[in-house]
Amino acid sequence: MSDVNVVIKTTVRTMLPFIQLYGFYVMTGTEGAGGGFQGGVILAASFILYGITFGAEKGRQAAPESWNTAFKSFGLWIYAGVGMLTILYSLGRAEFLNYSATFLSLFVPHTVARGILIADVIEIGIGMTVAASFISLFFDLVWRSDEDGRS
Amino acid sequence: MIVPLDIALIIFLVVSAIAALFVRDLLASIAILGTYTFVMACIYVQMNAVDVGFTEAAIGAGASTALMVASLTKLQRYDTGKRKKAKVVIGAFTVILLAGLFFYVIEDMPAFGDYNSPANKRIEIFEVRDTGLSEKLEVEKLPEEIKSRIYLLGYNERNNFPSLREYKIVWNEEEEGWDVLIKKNETFFSGFEKLYFIKKEGEILKVYRYSIPVRWQEKSEEEMNTPNMVTAGLADYRGYDTLGETVVIFTAAVSVAALLRRGYLE
């Protein structure tokens, strides 16, 4: 195998874990800049880089479409689910997305619970949806279907 | 802000925007658009909007460039269409008109980063002549004239504004005026929130209304225990908006899948 791209492939393989770690760091932190959207896009960029380097088939194996579909619904479900949780806990006082009103407020002061929910639950939900959406968008666009229309 | 750097960045921005329009090779055009969004990100960071610059760099220069290159695999690489002269003239005329309108409007904008602009601080709603009103304010009573005037302007319970039934008046040392604090109708943050501001200027009392970012700036860290104001605001004060944005991204991915994946999961 006369591989002229060995430099690119080795570089990408070495860089990927660091890019993904950075994506998670951006996603969950509250002290620095960034949030769910940016972290999710960085996470998706790592898979897109993998797909560009190793080909779309291998990329789709690394990020299977069933997982993408599951994750992009699950992230949205987390976000809206916290909203439902607040309604349930506040016993119908219509505190939708008022993060003080969850069971977490039983254990810690409600302002701290608010911070935890924003930083570690909501943002991860957003990041999941964004990352899975961008990965599936990219692979849908580069995928070549064969003659009888099957992808 | 460094002015020469700003000017250089804006010149680069304009040049790359024009170049992206006139290049016939679509791949080169996409690459130029990538540099355009990157320069835009630099400008945002120059303006101290780190979060916006970060988003622009990640989504504009990273993801959307990759998506455009990906869609180019299904298109022709070179633009072979002919440009009609009439269309170009109409387009140029519209752009110049729009730019003229922008320059006309720019005069009324507050100075860049102005802390005291109405959008960031407070907006003047009316002024009354001081006929013994300030003595009432000194003993922490809101005069009936100001109260009824605020009610008549529409800031009342019927329009879902907090009522003036329970209030406190506090002398604001820094601004040299009176803050009118109003009882909040919130379950977890009950208490008083400053809403109106009254300042005496000679014989005239000016009544202001505080803008929403004031609470965001002063209380967000204490209320949410998160140091980054932008994240806190986006996920909490504007939680509905962010939920909607997430739904938009989800919907976009689902619709592209529905359009492009014909018979994929048979």
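# Close-ups of a two-chain model

**Six bridges join β2(B) to β3(B), residues 177-183, and the two strands run antiparallel.** What you're looking at is a predicted model, so local features need pLDDT of at least 70 and side-chain atom pairs count only at pLDDT 80 or more, while totals for chains, interfaces and linings use all residues. Residues are numbered from 1 along each chain as its sequence is written, and chains are lettered from A and ligands numbered from 1 in the order in which they are written. Find Lys168(B) and you'll see Leu181(B) of β3(B) standing opposite. Strands here are DSSP runs of E with at least two residues, helices are runs of H or I with at least four, and both are numbered from the N terminus. Two strands pair if DSSP finds at least two bridges between them.

Strands of a sheet pair through backbone hydrogen bonds, either parallel or antiparallel.

**The largest nonpolar core holds 54 residues.** Val41(A), Ala44(A), Phe134(A), Ile135(A), Phe138(A) and Ala63(B) have the most contacts inside this core. Helices from both chains each supply at least two of its residues, among them α1 (6-28) and α2 (36-54) of chain A and α8 (229-237) and α9 (239-260) of chain B. The largest share, 17 residues, comes from α5(A). Apart from this core lies another of 13 residues, including Ile146(B), Ile150(B), Trp178(B) and Phe197(B). A nonpolar core is a set of buried Ala, Val, Leu, Ile, Met, Phe, Trp, Tyr and Cys residues joined through C-beta atoms within 7 Å. Buried means 20 or more other C-beta atoms within 10 Å of a residue's own, exposed means 12 or fewer, and partly exposed is in between, with C-beta atoms placed from the backbone.

**Here is where the chains meet: 45 residues of chain A are in contact with 42 residues of chain B.** On the side of chain A that touches chain B, α2, α4 and α5 of chain A each supply at least two residues. The largest share of that side, 20 residues, comes from α5(A). Two residues are in contact if their C-beta atoms, placed from the backbone, lie within 7 Å. The predictor gives the complex an ipTM of 0.89 and a pTM of 0.86.

**Now for two loop residues of chain B, Glu140(B) and Asn225(B).** Most residues other than glycine have a negative phi, and most peptide bonds are trans. Glu140(B), though, has a positive phi near 60°, and Asn225(B) has a positive phi near 60° too. Glu140(B) sits in the loop between α5 (133-138) and α6 (144-152) of chain B, and is exposed, with 12 other C-beta atoms within 10 Å. Asn225(B) is in the loop between α7 (212-224) and α8 of chain B, and counts as buried, with 20 C-beta neighbours inside 10 Å. Chain B averages a pLDDT of 87, with 98% of its residues scoring at least 70; pLDDT is the predictor's confidence in each residue, from 0 to 100.
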